[in-house]
Amino acid sequence: MKKVFIVLLVLISILSFSKVTIEFWHAMSGWRIGLLEDMAKEFMATHPDIQVNVQYTGSYRDTFNKAIAAVKAGNPPHVVQIYDIGTRAMIDGNIAVPIGDLIEKDPTIDLGAFLPQVLNYYTVGGKLYSMPFNSSNAILFYNKTFFKEAGLDPNKPPRTFDELIEYSKKLVKKDDKGNIIRYGLTWPTHSWFFEQLMAVQNAPLVNNDNGRGDKRPTEAVFNSQAGKNIFELLARMTKEGLLINTKREDWSGARQIFLSGKAAMLFYSTSDVKFITETAKENGWEIGTAFLPKPDLSVQGGVVIGGGSLWILKNHPQKEIDAAWEFVKWMTEPAQQIRWHLETGYFPVRKDAVEQLLMEGFYADHPNYLTAIFQLLLSKQTPNTNGAIIGVFPETREIIETAYEKVINGELTVEQALNWAAKEVTRALKKYNRLYE
């Protein structure tokens with residue numbers, strides 16, 4: 001008996017010693033922290049030889065910056081979730097193992113099972129650099145209950161900029177003193193929506209095929225008619241008391257304005273479909289979702305995916321790289337993508353996951369989850385709808401948001417603001433490009 005006990009101890013020791021530990025950093029806050037921890041535990045239950053330490057590292061920008069700092073310090077995580085706009089900088093930094101290289105050696109991966117619209121974003125120069133995980137796009141949420149009260153058809157959301165203005169005028173509500181107590185529209189005052197509405201018009205942000213061509217982008221071109229259409233729309237709605245702006249990039253603020261009934265429509269991400277739909281229902285309201293409106297119905301463009309992807313960083317022993325790859329693959333399997341979709345609103349990155357839910361009747365009962373998927377599938381695939389690849393994207397967003405604030409504050413005209421912003425982004429691009437000449 002004693003010998004058996006000793007043998008068991010030895011086996012346990014061997015198994016413990018052979019376990020590979022990997023670090024996974026992510027930027028998902030709120031209830032998603034627990035969700036990712038639960039998913040990691042499920043992975044470890046089926047992969048007892050791999051230990052995954054999950055760590056929430058702040059916002060997308062914080063996580064990106066911390067990952068870069070960790071690389072420089074010589075202690076990078078194995079897997080890190082990086083937002084879409086960090087793609088160019090990650091590639092230029094040469095700090096990650098390209099996912100395409102891993103797939104070439106792994107016959108278990110069928111890229112044909114993934115949505116090509118999602119793969120297109122993270123494919124640069126013909127190579128897939130990261131694994132899509134939490135993908136989203138911008139959609140219009142609207143309060144069907146308020147639509148009915150205003151005499152609007154709750155099943156016919158606005159499709160054009162003019163209809164957005166027309167509907168907003170009917171949805172605005174004032175008190176006895178003439179104070180606005182409900183606006184037509186709100187949004188997080190975020191450049192992401194400017195980028196999306198540019199893509200809707202099939203218009204580029206920068207030159208050289210939106211940064212996806214053979215050469216790096218050297219000039220910002222969003223000060224085009226397409227850009228003016230967007231700024232003019234938002235500025236007019238603000239001036240006429242139809243749109244309530246939030247602080248810059250205030251996601252929770254915009255969501256709260258909408259869910260408190262202070263706005264009837266909301267530009268937001270599909271990533272919060274579950275929370276918004278269920279919270280509104282608790283308030284006695286029915287919520288609908290719709291495609292982003294266009295300047296007019298003749299415009300043929302699409303939307304750019306948002307969210308993030310999983311990157312495997314270099315400078316780790318091969319067995320740890322292999323373990324990280326197993327984890328990344330598992331996170332993008334149909335079962336995990338379906339769970340992530342149902343508990344958040346981010347759409348699955350795989351066709352087979354969408355098909356399974358469709359066949360099970362889920363979307364018939366929960367149409368709000370399907371809007372972003374259809375919007376993506378119906379998007380014309382061009383460099384403009386695949387999304388710009390810019391090394392200075394975070395700075396670009398700040399500049400565009402500053403330009404918008406200058407317009408609504410009456411400091412600059414739409415044309416002046418966009419020209420200023422384009423000039424500033426062009427300067428930033430040239431400075432960045434010199435690092436890689």
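User: What should be kept in mind about numbering and about the model?

Analyst: Residues are numbered from 1 along each chain as its sequence is written, and side-chain values use heavy atoms, with hydrogens and water left out. Since the model is predicted, local features need pLDDT of at least 70 and side-chain atom pairs count only at pLDDT 80 or more, while totals for chains, interfaces and linings use all residues.

User: How do H8 and H11 pack, and at what angle?

Analyst: Two packed helices are described by the angle between their axes and the distance between the axes. Helices (H or I, at least four residues) and strands (E, at least two) are DSSP runs, numbered from the N terminus. Axes are lines fitted to C-alpha atoms, for helices over the stretch in contact, and angles run from 0 to 180 degrees between N-to-C directions. Here H8 (residues 161-171) and H11 (residues 225-239) pack at about 10 degrees, with axes 11 Å apart. H8 and H11 are therefore roughly parallel (angles under 35 degrees; over 145 is roughly antiparallel, 65 to 115 roughly perpendicular, the rest oblique).

User: Which residues of H8 and H11 meet?

Analyst: With contact meaning heavy atoms within 4.5 Å, Phe161, Leu164, Ile165, Ser168 and Lys169 of H8 meet Asn229, Ile230, Leu233, Arg236 and Met237 of H11.

User: Is strand S7 covered or open, and which strand does S7 pair with?

Analyst: Strand S7 (residues 131-136) is mostly covered, six of its six residues being buried (under 20% relative accessible area; exposed is over 50%, partly exposed in between, with a 1.4 Å probe and protein chains only). Two strands pair if DSSP finds at least two bridges between them, and S7 pairs with S14 (residues 306-313) in the antiparallel sense over five bridges. In S14, Gly308 is the bridge partner of Asn134.

User: Which residues have the most contacts inside the largest nonpolar core?

Analyst: Such a core is a set of buried Ala, Val, Leu, Ile, Met, Phe, Trp, Tyr and Cys residues joined through side-chain atoms within 4.5 Å. The largest has 142 residues, and Phe222, Phe231 and Ile312 have the most contacts inside it. Helix H21 (residues 414-433) supplies the largest share of this core, nine residues.

User: Are Gln117 and Ala73 buried or exposed?

Analyst: Gln117, in helix H6 (residues 116-122), counts as buried at 11% relative accessibility. Ala73, in helix H3 (residues 60-73), counts as exposed at 60%.
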